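Here is a short briefing on a protein complex. Keep the sequence and the 3D view side by side as you read.

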Amino acid sequence: MNTAAPPLPYAPDAAEAELSVAAASGAKAAPLLPAARFAGPIPWVIAILIALVVIAAAGGLTLGNLANSARADLSAAVTVQVIEPNPDLRNQRGAEAVRVLTALDGVRAVRLVPEAELAALLEPWLGAGAGNGDVPIPALIDVELTGAAGPAEIARITAALNAAVPGARVDAQSDWLRPVYDALAALQWLALGLIALVALATAAAVWLAARNAFAGARDTVEIMHLLGATDRQISAVFLRSVLREAAFGAVVGAALGAGAVWLLGQQFAALDSGMTSGGGLGLADWLTIGAVPLGGVLIALLTARITIALALKGML
Amino acid sequence: MDDRPAEIVKFDNVGLRYGTDPEVLSNLSFTLYPGSFYFLTGASGAGKTSLLKLLYLAQRPSRGAIRMFGQDLITMPRERLPDLRRRLGVVFQNFRLVPHLTAFDNVALPLRLAGADDKRVMKAVTDMLDWVGLAHRAHAIPATLSGGEQQRVAIARAVIARPKMLIADEPTGNVDPDMALKLLRLFEALNHRVGTTVVVATHDVHLLKKVPDSLIMRLHKGQLSDPTGALRYPPRPAMPKGGGV
């Protein structure tokens with residue numbers, strides 16, 4: 001046993017005491033508490049939730065792109081049908097309609113769809129005899145306008161045709177896809193709702209985990225308080241742990257989600273369908289998806305911060 | 001003109017109860033002055049630990065007023081408590097070492113919380129552990145230390161930041177008589193050389209004789225008695241220098 005006079009302990013000077021609060025949230029806080037680990041599955045729960053959000057976000061963005069692409073392709077397109085059972089009269093009125101349409105302002109291109117092309121289009125439904133004249137098929141004219149085919153344009157074209165071509169029917173092509181657009185919009189809202197629900201679930205999981213972690217370390221926290229630790233010093237340690245585990249979950253979840261999205265993209269690309277080709281993800285979309293794990297980590301940190309702050313407020 | 005030194009602690013008609021139970025401390029009024037050495041005695045259940053909890057800010061009183069270092073504890077927001085706690089050194093009855101930290105890191109805690117740099121922490125903690133005879137156990141965690149060793153770590157932690165007031169709850173209960181005397185000498189050194197106010201709760205009457213300049217406060221059923229004049233001003237030591245009761 002050392003019997004020498006006791007060493008006078010070191011005393012932090014006033015300047016250090018002033019700095020202590022600043023130091024509290026920094027590296028010096030690191031060894032103060034055990035790494036407040038969440039219960040084992042929490043990083044994986046976060047990973048699964050983030051993967052779901054990534055998939056939902058990618059789905060929503062894809063649907064949005066699909067709708068926008070289709071809308072852009074068809075927004076200026078108009079179809080004129082000349083409904084006349086007599087083939088000669090139909091051909092004559094079709095030609096007249098092309099003449100009238102070509103002379104109209106705001107029309108970029110007019111194309112009378114050949115009968116053979118129409119027959120080929122209808123063959124899947126009417127069979128090989130679709131073009132033999134047994135079933136009267138309207139003459140079909142594709143019109144491309146210089147602007148959008150809004151109701152006013154449709155009315156103007158209809159009025160111009162009515163005088164010269166009785167029985168002509170004018171439709172904006174985008175009208176045919178309106179129910180599809182509505183369905184796509186509904187799916188987008190569904191994706192948004194899923195993202196919101198998963199964000200809530202993430203916050204709830206972190207809240208539970210942070211509460212459990214705090215309860216497990218309560219005695220240590222109490223000792224730290226009695227030794228002069230500030231709330232900032234204590235919560236910094238917990239938040240560091242949350243950050244580490246949430247970041248791990250976010251990275252794993254983002255990788256899983258992005259992998260799933262990529263695989264789905266490959267599957268749809270293999271369909272080689274005109275409809276799905278407009279739904280590809282651009283750079284901005286991928287950046288948005290990249291923000292999902294960051295958002296997840298922020299939600300986790302914010303939730304943990306609030307949870308720990310509330311728990312600390314309950315202590316003296 | 002009142003030439004009394006500014007008090008370290010002033011209790012005014014303080015009472016403490018836990019929940020709806022009867023008061024464990026009643027009508028406590030006393031003042032602790034800087035540089036004094038107090039023993040707090042009383043039988044088990046007299047309220048010593050409860051009184052110490054009030055002193056080391058683990059508990060707020062149910063009634064009455066407490067001032068510490070010139071500040072009103074009753075109205076003080078909790079955000080300002082850490083600043084006061086850093087002026088205190090506490091030896092808890094059951095040591096309350098942080099279980100996952102080594103002896104070294106436990107002793108270093110108050111310095112780290114106060115923002116001391118690693119170099120100074122290393123020197124101060126190494127010296128202190130050496131002095132309490134635990135240099136060779138610096139990297140042991142509390143669970144592997146004996147009761148006496150844990151107590152010495154707790155005492156080293158309490159004094160390492162040179163507190164303005166040292167509060168110790170039965171600090172020599174688990175150590176041999178030689179070590180008990182040695183630890184008391186440490187408290188005295190802090191008291192005499194640094195001016196630390198020392199409050200030691202004990203029921204060991206032999207301990208009281210070891211510190212001649214000490215003052216005695218006695219608790220009985222939650223009430224404080226003043227048999228030796230410790231609570232008057234100027235406070236009168238319980239025994240003259242040189243020993244004797």
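In chain A, 34% of the 316 residues are buried. The model is predicted. For the complex, the predictor gives an ipTM of 0.86 and a pTM of 0.72.

**Chain A: overall make-up**

- Chain A has 11 helices and 4 strands.
- Take the contacts in chain A with a separation of 6 or more: 88% of them join residues 24 or more positions apart.

**Chain A: helix α4**

- Helix α4 of chain A covers residues 115-126.
- How far does α4(A) span between its end C-alpha atoms? The span is only 14 Å, whereas a straight helix of 12 residues would span 16 Å at 1.5 Å a residue.
- G127(A) follows α4(A). The phi of G127(A) is positive, near 90 degrees.

**Chain B: the sheet**

- Chain B holds an open sheet of 6 strands with mixed pairing. Trace the strands in the order β6-β7-β8-β3-β9-β10.
- Which strands are the edge strands? They are β6 (88-91) and β10 (223-225) of chain B, and each pairs on one side only.
- On average, neighbouring strands of this sheet are turned by 20 degrees against each other, direction ignored.
- β6(B) pairs with strand β7 (residues 165-169) of chain B in the parallel sense. This pairing runs over 4 bridges.

- Helix α5 (residues 147-159) of chain B lies across β6 and β7 of chain B. How does α5(B) run relative to β6(B)? The angle is about 170 degrees.

**Chain B: confidence**

- The average pLDDT of chain B is 85, and 90% of the residues score at least 70.
- Among the elements of chain B, strand β4 (residues 63-68) has the highest mean pLDDT, 94. Helix α7 (residues 205-208) of chain B has the lowest, 80.
- Over residues 239-245 of chain B, the pLDDT is below 50. Beyond near neighbours in sequence, this stretch has 10 contacts in the model.

Conventions. Residues are numbered from 1 along each chain as its sequence is written. Chains are lettered from A and ligands numbered from 1 in the order in which they are written. This is a predicted model: local features need pLDDT of at least 70, side-chain atom pairs count only at pLDDT 80 or more; totals for chains, interfaces and linings use all residues. Helices (H or I, at least four residues) and strands (E, at least two) are DSSP runs, numbered from the N terminus. A residue is buried if 20 or more other C-beta atoms lie within 10 Å of its own, exposed if 12 or fewer, and partly exposed in between; C-beta atoms are placed from the backbone. Two residues are in contact if their C-beta atoms, placed from the backbone, lie within 7 Å. Two strands pair if DSSP finds at least two bridges between them. Axes are lines fitted to C-alpha atoms, for helices over the stretch in contact, and angles run from 0 to 180 degrees between N-to-C directions. The expected span of a helix is 1.5 Å times one less than its number of residues. pLDDT is the predictor's confidence in each residue, from 0 to 100.
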